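Hello,

Please look through it first; my notes come after it.

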Amino acid sequence: MAIEKKNTRPAGKPAGKFRKGMMRRKVCRFCTDKMDIDYKNVSLLRTFVTDSGKILSGNITGTCAKHQRELGQAVKRARMLALLPFSVN
């Protein structure tokens, strides 16, 4: 007597609605709006920094590699000038 498996799917294929190609790709905010990244624009920089002070990755924010590097430099400069905190105590 053989036991049959029900609801099987091929190995390596994701289940549910999150299949490959279903998620919308994030677009770089700086490329689309032609914005410049400046260390003095603290309100813009705060959107890319967590509450604990970590810089969010490009995978999460959707920024391209070029602007992610510029963003990191701007956040570090703003921290050195005490415009942004290094961490929250």
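Predicted model: local features only at pLDDT ≥ 70, side-chain atom pairs only at ≥ 80, totals over all residues.

Glutamine 68
Glutamine 68 sits in helix 4, which spans residues 65-80. Its relative accessibility is 18%, and because the cut-off for buried is under 20%, glutamine 68 counts as buried. The side chain of glutamine 68 makes a polar contact with the side chain of threonine 63, at 2.5 Å. Threonine 63 is also listed among the contacts of glutamine 68 beyond four places in sequence, along with Ile55, Leu56, Ser57, Gly58 and Thr61. For glycine 58, 10 residues away along the chain, the C-alpha to C-alpha separation from glutamine 68 is 6.3 Å.

Arginine 79
Helix 4 also holds arginine 79. Arginine 79 is buried but has no salt bridge: the nearest side chain of opposite charge belongs to aspartate 51, 12 Å away. With neighbours up to four places away left out, arginine 79 contacts Gly53, Lys54, Ile55, Leu84, Pro85 and Phe86.

The largest nonpolar core
This core has 13 residues, and those touching the most other members are Phe30, Ile37, Leu45, Phe48, Leu71, Val75 and Leu84. Two elements, helix 2 (42-46) and helix 4, each give two or more residues to the core. Helix 4 gives the most, with four residues. As for isoleucine 37, its contacts outside four places in sequence are Phe30, Leu45, His67, Glu70, Leu71 and Ala74.

Regards

How values were computed
Residues numbered from 1 in each chain as written. Heavy atoms only, no water. Buried < 20%, exposed > 50% of the residue type's maximum accessible area, 1.4 Å probe, protein only. Contact = heavy atoms within 4.5 Å. Polar contact = N/O pair within 3.5 Å; in protein donor to acceptor, adjacent residues only side chain to side chain. Core = buried A, V, L, I, M, F, W, Y, C linked by side-chain atoms within 4.5 Å. Lys, Arg positive; Asp, Glu negative; His and termini not counted. Salt bridge = Lys/Arg side-chain N within 4 Å of Asp/Glu carboxyl O.
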